[in-house]
Amino acid sequence: MRPDPRSAFAHDAGDQRAGLLKQAERARLLAAPFTARVLESCFRQLDAAPALAQRIDTWQGDFAGDAVALRLAAGLHALGQHHAPPRLGALYAALDGDFDAAISEALAAYEPFLLDWISGPTQTNETARAAAFMAGLMVASQQDNLPAELLEIGTSAGLNLNMAHYRYDLADVACGDPSSPLRITPAWNGPPPPYAAITVARARGVDLNPINLGDPFCQERMTAYVWADQPERALRLKRAMAIALQHPPAIESGSALPWLRQQLASPQQRGIRRVVFNSMVLQYFAQPDRHTVHDAIHRAGAQADADRPLVWLSLEWEAERSKVSLRMTSWPSAAPQSVELAICTPYCDHIHWQAVP
């Protein structure tokens, strides 16, 4: 039986270190038992790295929202890929062994590396999320099938800006580029999405620290954020990065808010649907900034017309962090409403599609 992505991944308040166990539970529910055991061992062995333990215990901010446990797991995965230390490399090669001995040794020996690693944001840029956005674009295209102009905030390496270069099997609906070497096939629950041929006229995004895929270190960092016991995700990322080297995404370095305002204020070509989209990034924004994003898009929507429509596709945790929801808001509309199109697992390997009204 396919797991239902609506399963609650509730975030409970508590001491920060316990967040490692909460993330371990999520990893196990998402078919990553090795990663779960790594995080559980981190919880037990964290004091082998006193400065790291103190940093985690006194983390300022939302421990779950900042994905600190995922950062630590990725840092250890990066070390494991380089067999540093060798016992950790053997653990990752076999996906089994003496977890506590290997993790304790790595925490103690590479504490400065791990401290530096968790100081930076996550870099998943999960391309399976492109399936959710492609389904959303097909819903938006039911009336007129206009070409899309894509604007992404928090684009990371820009892999989802290349969504038109991937092929998809969404329930019984095949779409995208049929010749693409990257095929995205999420487990699908619910009715199939409505089919439409999607044309992307232009795609660009912004990130505070865009990932340069021409740098092997950046590729390694992104790969480390893929859980070691999910090789299909690693292969998907590898193929998406290869496509990005052939079709470099247009990414600007900068803050999302001024960039978004500037893009929305720029003239929109007649006969083009402007689409703002974001995935798992708003959790890193301060609450006032989230409101600013909402207000900026809604103000732009108020200026939209039938020849220059606007759509906002947002794939984010709900406020209580119980589910990841794909929502669509579209204009022109006298009273735009956010419609929930799907409930997804965080990496969109499972999508529960809702009937569109």
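This is a predicted model: local features need pLDDT of at least 70, side-chain atom pairs count only at pLDDT 80 or more; totals for chains, interfaces and linings use all residues.
Over the protein as a whole, pLDDT averages 92, and 96% of the residues reach a score of at least 70.

The radius of gyration of the protein is 20 Å; a compact globule of 357 residues would have a value near 21 Å, so the two agree. Along the principal axes, the C-alpha atoms occupy a box of roughly 65 × 40 × 40 Å. Buried positions account for 53% of the 357 residues. The accessible surface is about 15,200 Å², with carbon and sulfur atoms contributing 52%. Of the contacts between residues at least 6 apart in sequence, 71% link residues at least 24 apart.

The secondary structure comprises 12 helices and 12 strands. Nine strands form an open sheet with mixed pairing, in the order S5-S12-S11-S10-S9-S8-S1-S6-S7. Strand S5 (187–189) and strand S7 (250–253) are its edges, each pairing on one side only. From one strand to the next, the twist averages 20°.

Within this sheet, strand S1 (residues 148–153) and strand S8 (residues 273–279) run parallel and are joined by 5 bridges. Leucine 151 is placed opposite valine 276 of S8. Helix H12 (residues 287–302) lies across S1, S8, strand S9 (310–317) and strand S10 (324–331). The direction of H12 is at about 160° to that of S9.

Conventions
Residues are numbered from 1 along each chain as its sequence is written. Side-chain values use heavy atoms; hydrogens and water are left out. Two strands pair if DSSP finds at least two bridges between them. Helices (H or I, at least four residues) and strands (E, at least two) are DSSP runs, numbered from the N terminus. Axes are lines fitted to C-alpha atoms, for helices over the stretch in contact, and angles run from 0 to 180 degrees between N-to-C directions. Contact means heavy atoms within 4.5 Å. pLDDT is the predictor's confidence in each residue, from 0 to 100. The radius of gyration is taken over C-alpha atoms; the globule rule is 2.2 Å times the number of residues to the power 0.38. Buried means under 20% relative accessible area, exposed over 50%, partly exposed in between (1.4 Å probe, protein chains only). Accessible areas come from the Shrake-Rupley method with a 1.4 Å probe; for residues, only the protein chains shown count as cover.
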